[in-house]
Amino acid sequence: MGEVRVDKWLWAVRIFKTRSLATDACKKGRVSIGGVTVKPSRTLQRGDIVSVRKPPVEYSFRVVELLSSRVGAKRVPEFMENVTPAAQYELLELQRISGFVDRAKGLGRPTKKDRRDLDQFAEDMPEDLDLFDWDEDWD
């Protein structure tokens, strides 16, 4: 095989689920070859190191063989070699352990701790506190 586009190769070796996801990653600057971000149409050569940033990890793969059509998962090692440093996997493990630390305050579903804090706050409110005087005439 002579030349293969980087987005097509990333899809073929199952780094991305669809080719359009691979193309989008290239357009957003998340794919680089030799430290230089590349466009989806960039062609690959054997021996190139392709880096793919999927926050918080940056994966690195060595192109062993060029490929333009998708292959089964068992055949993927024939076409690429994972050369991602172990430190990147440690970052992934740390994030997995930490849970929802990155969740912005006020966004998404409350955590169990948030719910308990709300319950505690509601219990601490005095029961005789009447915020509104419902007896007033609103005319």
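Ring pairs link Tyr59, Phe61 and Tyr89 into a cluster; rings of Phe, Tyr and Trp (its six-membered ring) pair if their centres lie within 6.5 Å, and planes under 30 degrees apart count as stacked, over 60 as edge-to-face and the rest as tilted. The model is predicted: local features need pLDDT of at least 70, side-chain atom pairs count only at pLDDT 80 or more, and totals for chains, interfaces and linings use all residues. Residues are numbered from 1 along each chain as its sequence is written, and side-chain values use heavy atoms, with hydrogens and water left out.

**Stop 1: the rings**

Select Tyr59, Phe61 and Tyr89. By the ring rule there are 2 aromatic pairs. Tyr59 and Phe61 are stacked, 6.4 Å centre to centre with 15° between the planes. Tyr59 and Tyr89 are edge-to-face, at 6.1 Å centre to centre and 65° between the planes. This second pair links distant parts of the chain, with Tyr59 in strand β4 and Tyr89 in helix α3 (residues 86-98), 30 residues apart. Helices (H or I, at least four residues) and strands (E, at least two) are DSSP runs, numbered from the N terminus.

Now show the surface. Buried means under 20% relative accessible area, exposed over 50%, and partly exposed in between (1.4 Å probe, protein chains only). Phe61 has a relative accessible area of 7%, so Phe61 is buried. Tyr59 is at 19% and also counts as buried, whereas Tyr89, at 35%, counts as partly exposed.

**Stop 2: strand β4**

Select residues 57-63, which make up strand β4. Because 5 of its 7 residues are buried, β4 is largely enclosed by the rest of the structure.

Which strands pair with β4? Strand β3 (residues 49-54) runs antiparallel to β4 and is joined to it by 6 bridges, and strand β5 (residues 80-82) pairs with β4 in the antiparallel sense over 3 bridges. Two strands pair if DSSP finds at least two bridges between them. A hairpin of 2 residues joins β3 to β4.

**Stop 3: the whole sheet**

Select the 5 strands of the open sheet, in the order β2-β1-β3-β4-β5, with antiparallel pairing. The edge strands are β2 (36-37) and β5, each pairing on one side only. Strand β1 (residues 31-33) pairs with β2 over 2 bridges in the antiparallel sense, and there Ser32 stands opposite Thr37.
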